[in-house]
Amino acid sequence: MENGAIILMHTGTVYTKQALPVIIKRLKSEGYTFVPVSRMILTKNFYIDPEGKQRRK
């Protein structure tokens, strides 16, 4: 993963609820932090690069 990565997990699946604490603990131990998506999505002065990533202008 890289900075700004978003992990999509579907609700309503059999094992997501059980796996989530393990996944969070592992990622935190590797130095990752968690923020709301609203802090990551640019809403002004941005463009989408050829790889589909948001970039600041």
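**Chatting through a predicted model**

User: Let's start with Thr16: what does it touch, leaving out residues up to four places away in sequence?

Analyst: Thr16 touches Met9 and His10 on that count, where contact means heavy atoms within 4.5 Å. Before we go on, this is a predicted model, with local features needing pLDDT of at least 70 and side-chain atom pairs counting only at pLDDT 80 or more, while totals for chains, interfaces and linings use all residues. Residues are numbered from 1 along each chain as its sequence is written, and side-chain values use heavy atoms, leaving out hydrogens and water.

User: Got it. How far is the backbone oxygen of His10 from a polar atom of the Thr16 side chain?

Analyst: Those two atoms lie 3.2 Å apart. A polar contact is a pair of N or O atoms within 3.5 Å; within protein, one must be able to donate a hydrogen and the other to accept it, and residues adjacent in sequence count only if both atoms are side-chain atoms.

User: And where does Thr16 sit?

Analyst: Thr16 is in helix α1. Ile23 has its place there too, in a helix covering residues 16–29. Helices are DSSP runs (H or I, at least four residues), numbered from the N terminus.

User: Switching topic: how many salt bridges turn up in the whole structure?

Analyst: Three. A salt bridge here is a side-chain nitrogen of Lys or Arg within 4 Å of a carboxyl oxygen of Asp or Glu.

User: Which residue pairs with Arg55, and at what N to O distance?

Analyst: Asp49, at 3.0 Å. Glu30 and Arg26 make another bridge, at 2.7 Å, and Glu51 meets Lys53 at 3.7 Å.

User: Is Asp49 buried or exposed?

Analyst: Asp49 counts as buried, because its relative accessibility is 12%. Buried means under 20% relative accessible area, exposed over 50%, and partly exposed in between (1.4 Å probe, protein chains only).

User: Last one: which residues make the nonpolar surface patch?

Analyst: Ile6, Val37 and Ile41, over about 260 Å². Patches take residues with over 30% relative accessible area and no salt bridge, joining like charges within 9 Å and nonpolar side chains (Val, Leu, Ile, Met, Phe, Trp, Tyr) within 5 Å. The areas come from the Shrake-Rupley method with a 1.4 Å probe, and for residues only the protein chains shown count as cover. Val37 is partly exposed at 43% and belongs to helix α2, residues 37–40.

Terms used:
Helix = DSSP H or I, 4+ residues; strand = E, 2+ residues; numbered from the N terminus.
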